[in-house]
Amino acid sequence: MSSLLQTPLHALHVELGAKMVPFAGYDMPVQYPTGVMAEHKHTRAAAGLFDVSHMGQVRLVGADAAAALETLVPVDIIDLGVFKQRYALFTNDQGGLLDDLMVCKRPDDLFVVVNAGCKEQDVAHMQKHLAGRCEVIPVPERALLALQGPEAVTVLSRLNPDVAKLTFMTGGFFTLDGIDTFLTRSGYTGEDGYEISVHENDAVALARKLLAHAEVKPIGLGARDSLRLEAGLCLYGHDIDTTTTPVEASITWAIQKVRRAGGARAGGYPGAAVIDEQLANGAARKRVGLVGKERMPVREGAKIVTLEGTEIGVVTSGTLGPTVNQPVALAYLAKEHTAVGTEVFAIVRDKRTPMVVSSTPFTPNRYYRG
């Protein structure tokens, strides 16, 4: 255990009775005494506080930062408005995904948040390829909290009423009851909410201020995973990785027209030829949602077969969805089996359990768009 890193909130998690587990090199809370199911339902009903300080926070500084970053992602960064945030993807030469990330344009920099398990390689990737065009400055002294759920805006507005003016995927600098933060109205649960970057020295004080409100309970990684899965969101290293392209992963909405073939700034990023070809002609397999017809949960790695027993794909994430109260999963299937409503079978403990191809999210997203 001694080799595991700790976030600035580690002692607070222990004090709150969290069950701690190794995750992405950190000792992280997987659940608190009430359990994953209660935490999941509380977040959907009120507000949950997540410690996501293990994620990587990076500043890209320089007049050329947006154009430079576009050489690594198939996403429109140049036209991003100030305090607007966008989901982006690092690609490799085969069109596979090195990581998914968030980018927010601020007056003096681009603020980038990358996944915990990829942050060292992502920083090295940016430093190697953006050197000479902009400064790549990791900010490990920043903690990151996520306040998610329908009551998040109510609670945070008590600390600063101006946060209520933000809409989904916008951000700003806010003082929350005397604590300086940068926050965005975004998150990973499908609910309205905020992600709050705060100096590590202020992280515990801010967390305690938030937990002092009746609507807020601490939430661990277990419920974070079930919430994001119901929201139909990809988890890097499971639903997307270096072997999956954005087209296969059904996240082509993240690639703006300006960056596609025929667009004003088409291509120019790793794997552009592969991705453009798939955008034009489709891919041989595609990520889909699956809903179980029986109560049997279907987990990552389960094979998917047709009625005749032909193997057509594999599950990458699965759980019994607490909100939808039925088994839900994300899976890659051969494209001829991906139409919504198609019946397929998951192999669980050598038995076949029927599932139906479904659109995602499995439960409606409730982002605040104004």
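A salt bridge is a side-chain nitrogen of Lys or Arg within 4 Å of a carboxyl oxygen of Asp or Glu. The legends below refer to a predicted model.

**View 1. Glu70 and Arg265 form a salt bridge.** The closest N and O atoms of the two residues are 2.9 Å apart. Glu70 sits in the loop between α3 and β5 (85–91), while Arg265 belongs to the loop between α7 (221–230) and α8 (272–281). Glu70 is buried, at 5% relative accessibility. Arg265 is partly exposed, with a relative accessible area of 21%.

**View 2. Glu215 pairs with Arg158 in a salt bridge.** The N to O distance is 2.6 Å. Glu215 has a relative accessible area of 18% and is buried, whereas Arg158, at 44%, counts as partly exposed.

**View 3. Glu70, Asp76, Asp79, Arg86, Arg259 and Arg265 belong to one salt-bridge network.** These residues are joined through salt bridges that share partners. The pair of Glu70 and Arg265 from View 1 is part of this network.

**View 4. Arg133 and Asp64 meet through their side chains in a salt bridge.** Nitrogen and oxygen lie 2.7 Å from each other. Arg133 is found in the loop between α4 (119–130) and β8 (135–138), and Asp64 in the loop between β4 (56–61) and α3 (65–69). The two residues are 69 residues apart, and their pairing links distant parts of the chain. Arg133 is partly exposed, with a relative accessible area of 35%; Asp64 is also partly exposed, at 29%. Across the model, the count comes to 20 salt bridges.

**View 5. Cys118 and Cys234 are not joined by a disulfide.** A disulfide is a covalent bond between the sulfur atoms of two cysteines. The cut-off applied to a pair of cysteine sulfur atoms is 2.5 Å. The cysteine sulfur closest to that of Cys118 is in Cys234, 13 Å away, and this is too far for a bond. Cys234 is in no disulfide, and its nearest cysteine sulfur is that of Cys118. Cys118 is buried, at 7% relative accessibility, and Cys234 is buried at 5%. A search of the whole structure finds 0 disulfides.

Terms used
Residues are numbered from 1 along each chain as its sequence is written. This is a predicted model: local features need pLDDT of at least 70, side-chain atom pairs count only at pLDDT 80 or more; totals for chains, interfaces and linings use all residues. Side-chain values use heavy atoms; hydrogens and water are left out. Buried means under 20% relative accessible area, exposed over 50%, partly exposed in between (1.4 Å probe, protein chains only). Helices (H or I, at least four residues) and strands (E, at least two) are DSSP runs, numbered from the N terminus.
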